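Please look over the sequence and the structure below before reading on. The report is meant to be read with both in view.

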Amino acid sequence: MSGPHPLPAELGPVLAFVNSVDVELGTDQWAEGPPALTAWMTGAGLLDAGVTVTADEFALAGRLRAGLREMTLANNGVPTDFDDLAVVLRAFPLIVSPGAGTLAGTHDGPVMAGLGTVVAGYATGLLTGAWTRMRQCPAGDCAWVFWDSSAKGTRRWCTMRVCGNRAKARAFVERRRGADPRLADPQ
């Protein structure tokens, strides 16, 4: 995404990973289980063709995705629980590449290495401060994760045109109901 703050390359796989579920459309690209995650990871360049994801790796990937999505919501000021993600991250030891100043995973197996790329992107984002710009739309019917490329880094909604306007319209209706009791919902 263009703007004053472009998405860092290491966070590209993280953004794709967390958006493999779409709350608004009710879709999950991994819904069919390990074969679907295998196909997704291969398509994302995180896994070579012919490698398959096991049930345990699939479960770990699901927990990783849920934890990272929760952390993106935290970047919008929503209180979150880091404990579940912290447990998942223990499966992904990282090393700093000498001279390059980058993080890389030290994993056995190609699936864990592919997931390790996502974890390394997250960790690098934390270290550089870029992670704070990875946000989840607070609209419960959206929850899309986006990169805040704005100059001040204060964008709240994935799109102001859709989710931001919906929130403003809901707030307007609530204010009107409070000001005029006749507009309250009859229950």
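## Basis of the model

This is a predicted model, in which local features need pLDDT of at least 70 and side-chain atom pairs count only at pLDDT 80 or more, while totals for chains, interfaces and linings use all residues. Residues are numbered from 1 along each chain as its sequence is written, and side-chain values use heavy atoms, with hydrogens and water left out.

## Nonpolar cores

A nonpolar core is here a set of buried Ala, Val, Leu, Ile, Met, Phe, Trp, Tyr and Cys residues joined through side-chain atoms within 4.5 Å, where buried means under 20% relative accessible area, exposed over 50% and partly exposed in between, with a 1.4 Å probe and protein chains only. The largest such core has 32 residues, and those touching the most other members are Phe17, Met41, Leu64, Leu68, Phe92, Leu115 and Trp131. At least two residues of this core come from each of α1, α2, α3 (55-74), α4 (83-89), α5 and β6 (145-147), and α5 gives the most, with six residues. Helices (H or I, at least four residues) and strands (E, at least two) are DSSP runs, numbered from the N terminus.

Leu115 is in contact (heavy atoms within 4.5 Å) with Phe17, Met41, Glu57, Ala61, Leu64 and Phe92, when its neighbours within four places in sequence are left aside.

## Aromatic pairs and a charge over a ring

The structure holds four aromatic pairs, a pair being rings of Phe, Tyr and Trp (its six-membered ring) with centres within 6.5 Å; planes under 30 degrees apart count as stacked, over 60 as edge-to-face and the rest as tilted. The Phe17 and Trp40 rings are edge-to-face, because their centres are 6.0 Å apart and their planes stand at 65 degrees. This pair links distant parts of the chain, with Phe17 in helix α1 and Trp40 in helix α2 (residues 34-43), 23 residues apart. Both Phe17 and Trp40 are buried. Tyr122 and Trp131 also form an edge-to-face pair, at 4.7 Å centre to centre and with 85 degrees between the planes; Tyr122 and Trp131 are both buried.

Phe17, Trp30 and Trp40 are linked into a cluster by ring pairs. Over the face of Trp30 lies Arg65, at 3.9 Å from the ring centre; such a charge counts if NZ of Lys or CZ of Arg is within 6 Å of the ring centre and within 35 degrees of the ring normal.

## Cysteines

There are zero disulfides in the structure, a disulfide being a pair of cysteine sulfur atoms within 2.5 Å. Cys137 is buried, at 1% relative accessibility, and Cys142 is buried with a relative accessible area of 3%.

## Individual residues

Asn19 sits in the loop between α1 (12-18) and β1 (21-22), and its relative accessible area of 7% makes Asn19 buried. Not counting residues up to four places away in sequence, Asn19 touches Gln29, Arg69, Trp144 and Val145.

Ala143, in the loop between β5 (134-136) and β6, has a positive phi of about 60 degrees although it is not a glycine, and Ala143 is buried with a relative accessible area of 8%. Thr124 belongs to helix α5 (residues 110-128) and is buried at 14% relative accessible area; the side chain of Thr124 reaches the backbone oxygen of Ala120 at 2.8 Å.

Notes:
Polar contact = N/O pair within 3.5 Å; in protein donor to acceptor, adjacent residues only side chain to side chain.
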